[in-house]
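My notes follow the order in which I looked things up.

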Amino acid sequence: MSITFNFNLKNSNEMGIILIKKPTIQRAERDVEKINIPGRSGFLTRMKKTYREKTIELECVLKESASIENVCAWLTGMGKLSFSWETDREYTVVIANAIPFEEILKNYKNFIITIDAQPFAHSKIEKELNLNVGTNAINIAGTVYNNPTLLIEGSGTFKISVNGKDIQIETTDNANIDCDLLNACKNDLVTNLNNKLKGNLADITLLPGQNNINITVVSGTLLSFRCKYKEAYL
């Protein structure tokens, strides 16, 4: 069975590209702060929550039937990258190869695609859970934390605790709390609610394994509460 990749919903084999071998995809490097203390030998370390981007290199051969112009137009810019041997996940990437791509394709047929990828791969399918007032225990797959989106229908003030980290929001009608983009707004994605939010959205993460989400109605009426997320993989 041939190995292939998809970029922005187009398959490499259909575009006339043969992937020579599976790329080596390194784990993203975690950010670490080194702290030097006067009078103390060596250093202390503080492991940060954030990770650095990673590079993926694809070794390819161009088929004789391939259109160089179409391939060059396709393999550029931002998009989603996935592989035939990882059917459940995808990478958010940028292809900005500084090498003259057209010359490589014309002269050698063999070429390397250098890709800048976000630190985590995410599941292709977004999961959505309906949660109730009180404590909700949910189990998450993956190998690293993910940042959920919390969707509220109702009017009032609501407190949300995720694994012991609290936020509180005041809204009328609805709220869309995107913990990845660190933004709170209404469902129209235009009306800003960040001034109605208390707490740090960067703290709201779902971890592999069991997570506890507690929902409290401080005032008003809550009609529904949904949690959307994609499992994340290092």
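How many bridges join strand 11 (residues 134-140) and strand 17? I looked this up first, keeping in mind that the model is predicted. I found 7 bridges, and the two strands pair in the antiparallel sense. For a landmark, I noted that N136 stands opposite I213 in strand 17.

**Entry: other partners of strand 17**

I stayed with strand 17, which covers residues 209-229. Strand 10 (residues 127-131) pairs with strand 17 in the antiparallel sense, over 5 bridges. Here L129 has C227 as its bridge partner. Strand 12 (residues 149-162) also runs antiparallel to strand 17, and I noted 14 bridges for that pair. One of the pairings to look for is T149 with K228.

Next I went looking for nonpolar residues packed together. In soluble globular proteins, nonpolar side chains tend to be buried together. The largest nonpolar core in this model has 26 residues, and F5, I17, L58, L75 and I113 have the most contacts inside it. Several elements each supply at least two of its residues, among them strand 1 (5-7), strand 6 (54-62) and helix 1 (68-74). Strand 9 gives the largest share, 5 residues. I also wrote down a second, separate core of 25 residues, which includes L150, I160, V162 and I177.

Then I picked out L58 and asked which residues it contacts, leaving aside neighbours within four places in sequence. My list reads F5, L19, P23, F83, F111, I112, I113 and I115.

**Entry: N11**

Is N11 buried or exposed? I have it down as buried, because its relative accessible area is 16%, under the 20% limit. N11 lies in strand 2 (residues 10-11). Apart from residues up to four places away in sequence, N11 touches T4, F5, N6 and W74. With N6 there is a polar contact from side chain to side chain, at 2.8 Å. I also checked N11 against F83: they are 72 residues apart along the chain, and their C-alpha atoms are separated by 9.4 Å.

**Entry: cysteines**

Last, I looked for disulfides, and the count comes to 0. C60 is in none, as the nearest cysteine sulfur, in C72, is 12 Å away.

How values were computed
Residues numbered from 1 in each chain as written. Predicted model: local features only at pLDDT ≥ 70, side-chain atom pairs only at ≥ 80, totals over all residues. Heavy atoms only, no water. Disulfide = S-S within 2.5 Å. Core = buried A, V, L, I, M, F, W, Y, C linked by side-chain atoms within 4.5 Å. Buried < 20%, exposed > 50% of the residue type's maximum accessible area, 1.4 Å probe, protein only. Helix = DSSP H or I, 4+ residues; strand = E, 2+ residues; numbered from the N terminus. Contact = heavy atoms within 4.5 Å. Polar contact = N/O pair within 3.5 Å; in protein donor to acceptor, adjacent residues only side chain to side chain. Pairing = 2+ DSSP bridges.
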